[in-house]
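Here are my notes on this one, point by point. Have the model open alongside as you read.

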Amino acid sequence: MKKVLFFMPDNPLKKNAGNRTRALSMLGYFKSRNFEIDFVSEYYTGRWNETDIKAFEQASLADHTYVIKKKPAKKNILYYLLFYKLPNFFYSNKAWFFPLQFPELVTLRFKRAFKKILKKNDYDYIFINYASWATLVEHNPLTKKAVTVIDTHDFITAQLQRKVNIGQSFKEEIRRISLFDIALAISVEEQYIFSQFCKNKVVLAPMMLDKPKSIGTIEEKSFDLIYVASDNIHNQKSADWFFNEVYPLLPANVQICVIGQINEHLSIKAPNITSVNFVEDLSTYYLNAKVALCPMLTGTGTKIKVVEALSYGMPVVCNTRGIDGLIDKNNNGCLVSDDAVEFKNNIMKLLTDASAYQKQAENALATFNISYEKEICYKNLDKLFQK
């Protein structure tokens with residue numbers, strides 16, 4: 001039996017963001033292939049508590065679970081300062097005279113705890129999520145003969161371009177990704193960029209989802225539009241644009257369901273808007289809606305909400321950023337525009353023209369089945385992990 005150490009700082013069971021859904025799907029792959037899985041996470045980043053840890057263990061997603069704290073409690077301030085804050089200040093290269101233009105989330109304390117796990121175990125694969133945690137394997141002889149793999153999730157420099165020196169940040173991101181034997185890119189754009197500069201193997205590993213058990217089985221839909229989004233800065237900007245520029249152009253009888261933490265950012269209230277902060281299973285809502293919205297103005301990587309909608313054979317109306325990461329940019333079930341009036345027209349076309357709707361629905365389902373259906377993606381991953 002092959003053994004993998006799988007590091008993810010977030011709790012994958014909190015399925016309120018695409019990155020967690022991504023990690024959950026990867027864990028599902030390893031489980032399906034009978035890997036022995038040691039799962040490692042960070043207590044504060046993942047906002048874990050004892051109940052969460054127990055729930056994760058009971059979910060049987062891993063054989064062993066380690067949730068490590070990257071910093072000690074502040075009960076003893078002197079100890080905290082001398083044995084954590086000061087050593088980690090220099091370890092993380094965050095001194096004023098050594099500014100780092102790329103996020104370093106690994107603390108000295110966490111890396112020591114991570115090494116203890118490696119020291120006690122031999123792994124066939126060490127799987128790290130995010131370049132900001134890549135230094136867990138840097139200069140680390142305890143990785144032994146394991147194949148190291150990074151799932152990049154996003155092009156982080158593009159995410160931080162207004163906050164950092166782009167050249168220095170990009171150079172550091174490429175250096176970190178190159179620390180690994182294999183780099184997984186979730187989008188075709190990121191695979192292209194990373195493969196141009198990284199010395200290692202860069203592989204496209206698109207988002208993979210189960211094929212829904214039922215598609216379009218509900219005749220009378222409760223909602224015309226469904227909008228699923230977490231509450232990050234990119235979704236905030238995009239939601240503001242949609243509700244300020246597009247929503248006023250729509251007929252008042254168009255029913256919209258907004259799902260996710262983005263509701264905490266929105267202040268708009270109207271009879272035709274239904275707000276749902278969190279649901280465990282989105283399938284009922286997708287089956288009860290006609291068209292998915294993905295108004296994205298900024299951001300990188302594949303939009304998980306788009307792939308989810310496509311899996312239900314649901315047409316998507318989005319901006320240009322909404323189709324980032326999709327392998328096929330045309331005839332994919334998405335109507336794309338960055339203009340508010342045209343965006344509205346695309347929505348109304350799908351809601352009023354049955355033939356146009358059917359064509360896009362067929363394109364959506366075909367796109368999902370060819371590129372993102374779980375078993376198809378599993379076979380591609382087998383080429384990496386079943387040698």
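**Notes on the model**

1. Let me begin with a lysine: at 31% relative accessibility, Lys329 counts as partly exposed. Keep in mind that this is a predicted model. The partner of Lys329 is Glu189, and their side chains meet in a salt bridge with an N to O distance of 2.4 Å. Lys329 sits in the loop between strand S12 (316-318) and S13, while Glu189 belongs to helix H7 (residues 188-197), so this pair links distant parts of the chain, 140 residues apart. Glu189 is partly exposed as well, at 28% relative accessibility.

2. Because Lys290 lies in strand S11 and Asp224 in strand S8, the pair ties together parts that are 66 residues apart in sequence. How accessible is Lys290? Lys290 has 29% relative accessibility and counts as partly exposed. Asp224, at 14%, counts as buried.

3. Then there is Arg20 with Asp10, whose side chains form a salt bridge at 3.9 Å, N to O. Arg20 is in helix H1 and Asp10 in the loop between S1 and H1, so the pair ties together parts that are 10 residues apart in sequence. Are these two buried or exposed? Arg20 is buried, with a relative accessible area of 17%, and Asp10 is buried too, with 9%; the cut-off for buried is under 20%.

4. The count of salt bridges comes to 15. Some of the salt bridges here share partners, joining Glu104, Glu138, Glu172, Arg175 and Arg176 into one network.

5. Now to the strands, with S4 (residues 125-129) as the one to look at. S4 is mostly covered, and five of its five residues are buried. Which of them point which way? Tyr125, Phe127 and Asn129 point one way from S4, Ile126 and Ile128 point the other way, and all are buried.

6. What pairs with S4? Strand S1 (residues 3-7) pairs with S4 in the parallel sense over four bridges, and Phe6 stands opposite Phe127 in S4. Strand S5 (residues 147-151) also pairs with S4 in the parallel sense, over five bridges. There, Ile128 stands opposite Ile150 in S5.

7. Helix H2 (residues 50-58) deserves a point of its own. Asp52, Ile53 and Phe56 of H2 are buried. Why do they sit on the same side of H2? They cover an arc of only 100° around the axis, which puts them on the same side. In general, an α-helix has 3.6 residues a turn, so residues three or four places apart point the same way. What covers the buried residues of H2 includes helix H1 (18-32), strand S2 (36-42) and strand S3 (64-68). On the face turned away from the buried side, H2 carries the exposed residues Glu50, Thr51, Lys54 and Gln58.

8. Finally, the two ends of H2. At the start, a side-chain oxygen of Asn49 reaches to within 3.0 Å of the backbone nitrogen of Thr51. After the helix comes Ser60, whose phi is positive, near 60°.

Conventions:
Residues numbered from 1 in each chain as written. Predicted model: local features only at pLDDT ≥ 70, side-chain atom pairs only at ≥ 80, totals over all residues. Heavy atoms only, no water. Buried < 20%, exposed > 50% of the residue type's maximum accessible area, 1.4 Å probe, protein only. Pairing = 2+ DSSP bridges. Arc of directions from axis to C-beta. Contact = heavy atoms within 4.5 Å. Polar contact = N/O pair within 3.5 Å; in protein donor to acceptor, adjacent residues only side chain to side chain. Salt bridge = Lys/Arg side-chain N within 4 Å of Asp/Glu carboxyl O.
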